[in-house]
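Here is a model to read alongside some questions. Please look it over before going on.

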Amino acid sequence: MMIIGVVLAVLLLLLLLSIPVAAALAALGLSMGSVFSPFPLYKALGEISWSAGTDFLLLAIPLFVLLGEILLRAGIAERTYRALFYWLSWLPGGLMHANVATSALFAATSGSSVATAATITTVALPQARKFGYAESLFAGSIAAGGTLGILIPPSINLIVYGFLTNTSIPRLFLAGIVPGITLTILFMIGIVVICLINPKLSGQKVSSSWSQRLGSLKDLIPVLLIFVVVIGSIYAGFATPTESAALGVLAALALAAAHRRLSLVMLRDVVEGTMRTTAMIMLILFAAYFLNFVLASIGLTQMLTDFVNNLGMSPMATMLVIVVLYMVLGFFIETLSLMVITIPIVAPVVVGLGFDPVWFGVLLILLIEMALITPPVGLNLYVVQGIRQSGSISEVMIGSIPFVGLILLMIFLLLLYPDLALILARYVQ
Amino acid sequence: MAGIERMGKLLSITETVNRVGVWVGGLLMFFTSAMIAVEVVLRKVFAISMGGADEISSYVLAISCSWAFGFALLRKAHIRIDIFYAKMGQRLQSLLDLLSLLTFLVYQIPLVYFAWLVVKTSIIRNSAANTPLHTPLWIPQGLWFLGLVCFLLTTVVLLAASVVRLARGDLEGARALTGPNTIEDEIKEESASLPKAETLSDGGVR
């Protein structure tokens with residue numbers, strides 16, 4: 001157990017010193033390998049990096065990022081927002097439902113929750129001011145909505161989880177659907193209830209005509225079609241996740257072309273944005289993969305699993321400890337880093353306790369979603385505030401509290417009813 | 001002064017090389033998507049298998065990633081946790097920025113060395129992929145290796161430029177090169193070219 005303590009302490013120290021996460025993970029892996037192992041594990045760095053780097057499965061990550069970048073920069077998010085606004089504005093809390101629904105649809109295809117939340121804030125905020133919404137809850141609904149995308153497939157975070165734990169990505173994607181939709185609905189119910197209790201939080205009611213709604217379908221249907229192409233092709237057994245991402249990229253290009261938004265400048269920005277995000281994700285992933293290899297080789301993973309098993313706690317009690325641990329860590333550590341650091345250690349323990357790895361993947365994503373909107377390092381809070389440029393960040397934080405509560409509710413639902421995640425996943429083996 | 005000028009030139013060359021690397025990588029991504037899509041349609045609709053699409057795409061993944069790492073470094077996209085950094089004095093921050101680049105070197109130098117061994121082994125053994133394409137492995141591996149070298153050199157250039165600026169007491173300038181990404185930078189980066197928002201039509205206020 002000493003070794004585990006040392007590893008965690010060194011890692012934490014490096015991260016708190018603001019050393020880039022990828023560099024910290026790799027440097028730790030290299031030094032652990034030479035200190036604690038009789039074999040020169042570092043010699044495998046080249047081979048491991050090449051084999052992980054050429055993993056066809058991982059190609060899905062840049063392709064999904066690319067897909068999202070194309071849609072965002074072609075202005076599809078704005079059109080979707082307007083369409084959903086016409087459809088949902090009659091509900092108490094009006095525009096806020098458009099925030100949540102657009103995010104759910106959109107972040108689903110975009111690799112960057114920053115880009116999605118930024119886009120939606122840019123479009124939505126002027127409307128909020130125009131119609132007199134309370135900005136706190138409004139901003140909270142955007143920040144919270146932005147987290148939905150990492151649960152509703154295709155989700156890059158689920159690919160990362162699947163890669164690090166060797167879990168089937170199609171099954172993970174299927175498992176994310178029901179909890180993702182349930183959470184979206186919970187968010188919307190939450191907004192309705194809050195606005196019924198305190199109508200001042202909602203803005204002026206805006207009515208839309210049926211001709212506006214039907215007219216907006218032309219903006220809504222193409223996005224839904226892309227979603228169907230991507231997800232449908234996976235489930236029909238027509239394509240692997242990577243292949244479906246490639247189909248999605250072509251569909252998005254066609255849609256951008258149909259809106260006459262393709263230009264060299266646009267494509268250059270798409271490419272630079274995609275490769276920047278991809279490089280960031282992949283370097284962390286490769287470094288974590290190498291560290292994972294070292295930890296497993298020196299027997300640390302097994303040691304930890306045995307340790308937890310010998311504690312004699314019931315599996316459910318252990319799971320609750322893990323949930324609380326993630327909530328605490330989520331306050332301080334950026335989410336992708338949190339995932340790659342903890343998954344290699346925690347997942348084997350959880351599976352050893354008899355939990356389904358697919359189910360745990362979904363639970364983990366819910367915990368990560370919560371981390372995205374809890375201060376002090378909830379990324380989405382800062383994105384919304386960064387664009388808002390007025391008022392204080394604490395307003396966004398306060399506005400997000402109800403949504404944190406709803407994610408917590410969803411976590412408990414998933415703990416009580418694992419089938420919420422597993423029911424669809426059973427259809428794919 | 002000549003030294004500073006030369007440093008500036010080196011920085012702009014680094015920027016250009018990395019950008020071109022990323023553009024080529026991005027083009028390859030589009031090319032790959034098209035190739036995979038054709039392969040899927042041929043396989044499912046016409047039951048024809050071209051074969052090799054996934055193999056080539058895998059090489060594209062490795063190569064375009066290795067060539068993008070340096071670009072991401074220039075754009076400060078590699079994640080750093082700045083919760084304590086933000087509360088430190090400027091001198092300490094500069095020190096941590098340097099330490100960050102040095103830690104990258106701790107990763108990159110062995111990475112480049114062992115990646116070279118991978119390439120060298122493929123050349124010596126004349127290894128070919130165990131696939132219908134029989135790709136001579138040194139070609140994709142060599143391109144991948146060069147990307148990693150570019151990443152290493154980018155780090156070295158940034159480190160040198162940063163040290164030069166620090167030596168002149170230009171803490172701000174050094175930070176502009178190597179400091180962590182602030183949320184403002186990130187939003188600017190993400191939304192710089194996003195289309196302007198259109199206003200919604202009121203539809204009639206009740």
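Predicted model: local features only at pLDDT ≥ 70, side-chain atom pairs only at ≥ 80, totals over all residues.

Q: How many disulfides does the structure hold over all chains?
A: A disulfide is a covalent bond between the sulfur atoms of two cysteines. The cut-off for such a pair is 2.5 Å. The sulfur of C150(B) is too far for a bond, because the closest cysteine sulfur, in C65(B), is 14 Å away. Over all chains, the number of disulfides is zero.

Q: Is C150(B) buried or exposed?
A: Buried means under 20% relative accessible area. The relative accessible area of C150(B) is 11%, so this cysteine is buried.

Q: Which helix of chain B supplies the largest share of the nonpolar patch?
A: The patch covers about 550 Å² of surface and includes W116(B), I123(B) and L143(B). Helices α3 (90–125) and α4 (138–167) of chain B each supply at least two of its residues. L143(B) lies in helix α4 of chain B, and is partly exposed because its relative accessibility is 40%. With four residues, the largest share comes from α4(B).

Q: Which residues does R79(A) touch, not counting those up to four places away in sequence?
A: R79(A) sits in helix α5 of chain A, residues 76–88. Its relative accessible area is 18%, so R79(A) is buried. Beyond four places in sequence, R79(A) touches D219(A) and H259(A).

Q: Which residue of chain B is in contact with I333(A)?
A: I333(A) belongs to the loop between α15 (315–332) and α16 (335–352) of chain A. At a relative accessible area of 12%, I333(A) is buried. Leaving aside neighbours within four places in sequence, its contacts include L338(A) and V377(A) in chain A and, in chain B, I81(B).

Q: How many Å apart in space are I333(A) and G46(A), C-alpha to C-alpha?
A: In sequence, I333(A) and G46(A) are 287 residues apart. In space, C-alpha to C-alpha, the distance between I333(A) and G46(A) is 29 Å.

How values were computed. Residues numbered from 1 in each chain as written. Chains lettered and ligands numbered in written order. Heavy atoms only, no water. Buried < 20%, exposed > 50% of the residue type's maximum accessible area, 1.4 Å probe, protein only. Patch = residues over 30% accessible without salt bridge, like charges linked within 9 Å, V, L, I, M, F, W, Y side chains within 5 Å. Areas by Shrake-Rupley, 256 points an atom, 1.4 Å probe, with all protein chains shown as cover. Salt bridge = Lys/Arg side-chain N within 4 Å of Asp/Glu carboxyl O. Contact = heavy atoms within 4.5 Å.
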